[in-house]
Amino acid sequence: MDEFIKILDPDLDYISHEITGDTIVIRVASNKEEAVCPYCGSTSTTKHRVYERSFQDLPIMDLKTRIISYNRKMFCPNPECNHTTFAETFRLLKQKAKKQSASGKNS
Ligand SMILES: [Zn+2]
């Protein structure tokens, strides 16, 4: 399962999964120590808090897939930056957000 997550996004680690009814729930977290502030480009290693995000993915073996990621909120170390905290982003989640907004127009 870790290999599957690495295909989706090499920055994510597989934590656990469980099957509830017709849905497979996969928990993942970032394996990076640091995150880059998207507003000023400073690298932060100071964690503010962790929150869960979940999204649907393509079915695996006839099971619906729900991925829960532990996203970190980081403190920006740059005093000049006008954002004190920023949310860590994953390539995978960005792609999903784009796909969802694109398909939303058609339905
Ligand atoms: Zn910043």
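Biologist: What share of the 107 residues of the chain counts as buried?

Modeller: 31% of them. Buried means under 20% relative accessible area, exposed means over 50%, and partly exposed is in between (1.4 Å probe, protein chains only). This is a predicted model: local features need pLDDT of at least 70, side-chain atom pairs count only at pLDDT 80 or more, and totals for chains, interfaces and linings use all residues. Numbering starts from 1 along each chain as its sequence is written, and side-chain values use heavy atoms, without hydrogens and water.

Biologist: How many helices and strands are there in the chain?

Modeller: Two helices and seven strands. They run α-β-β-β-β-β-β-β-α from the N terminus on. Both kinds are DSSP runs numbered from the N terminus: helices are H or I with at least four residues, strands are E with at least two.

Biologist: Why does Asp9 count as buried?

Modeller: Its relative accessibility is 0%. That is under the 20% limit, so Asp9 is buried. Asp9 sits in the loop between α1 (2-8) and β1 (12-20). A polar atom of its side chain lies 2.9 Å from the backbone nitrogen of Asp11.

Biologist: What makes His17 partly exposed?

Modeller: Its relative accessible area is 36%. That value falls between 20% and 50%, so His17 is partly exposed. His17 belongs to strand β1.

Biologist: Which side chain makes a polar contact with the side chain of His17?

Modeller: That of Tyr14, at 2.7 Å. A polar contact is a pair of N or O atoms within 3.5 Å; within protein, one must be able to donate a hydrogen and the other to accept it, and residues adjacent in sequence count only if both atoms are side-chain atoms. Beyond four places in sequence, His17 is in contact (heavy atoms within 4.5 Å) with Met1, Ile24, Val25 and Ile26.

Biologist: Which atoms coordinate the zinc ion?

Modeller: The SG atoms of Cys37, Cys40, Cys76 and Cys81, at 2.3 to 2.4 Å. Donors are N, O and S atoms within 2.8 Å of the metal (3.2 Å for Na, K and Ca); water is not among the atoms, so sites may look incomplete.

Biologist: Why is the arrangement around the zinc ion called tetrahedral?

Modeller: The four donor atoms subtend angles of 99 to 118 degrees. Four donors count as tetrahedral if all angles lie between 85 and 135 degrees, so the zinc ion passes. The ideal angle for four tetrahedral donors is 109.5 degrees.

Biologist: How are the donor residues of the zinc ion spaced in sequence?

Modeller: As C-x2-C-x35-C-x4-C. Cys40 lies in the loop between β3 (35-36) and β4 (43-44), and Cys81 in the loop between β6 (63-75) and β7, so this pair ties together parts that are 41 residues apart in sequence. Cys40 is partly exposed at 32% relative accessibility, whereas Cys81 is buried at 11%.

Biologist: How do you know whether Glu88 is buried or exposed?

Modeller: Its relative accessibility is 4%, under 20%, so Glu88 is buried. Glu88 is in the loop between β7 (85-87) and α2 (91-106). Its side chain joins that of Arg72 in a polar contact of 2.4 Å. Beyond four places in sequence, the contacts of Glu88 include Ser30, Ala35 and Tyr70.

Terms used:
Tetrahedral: all angles 85-135°; square planar, octahedral: opposite > 155°, others 65-115°.
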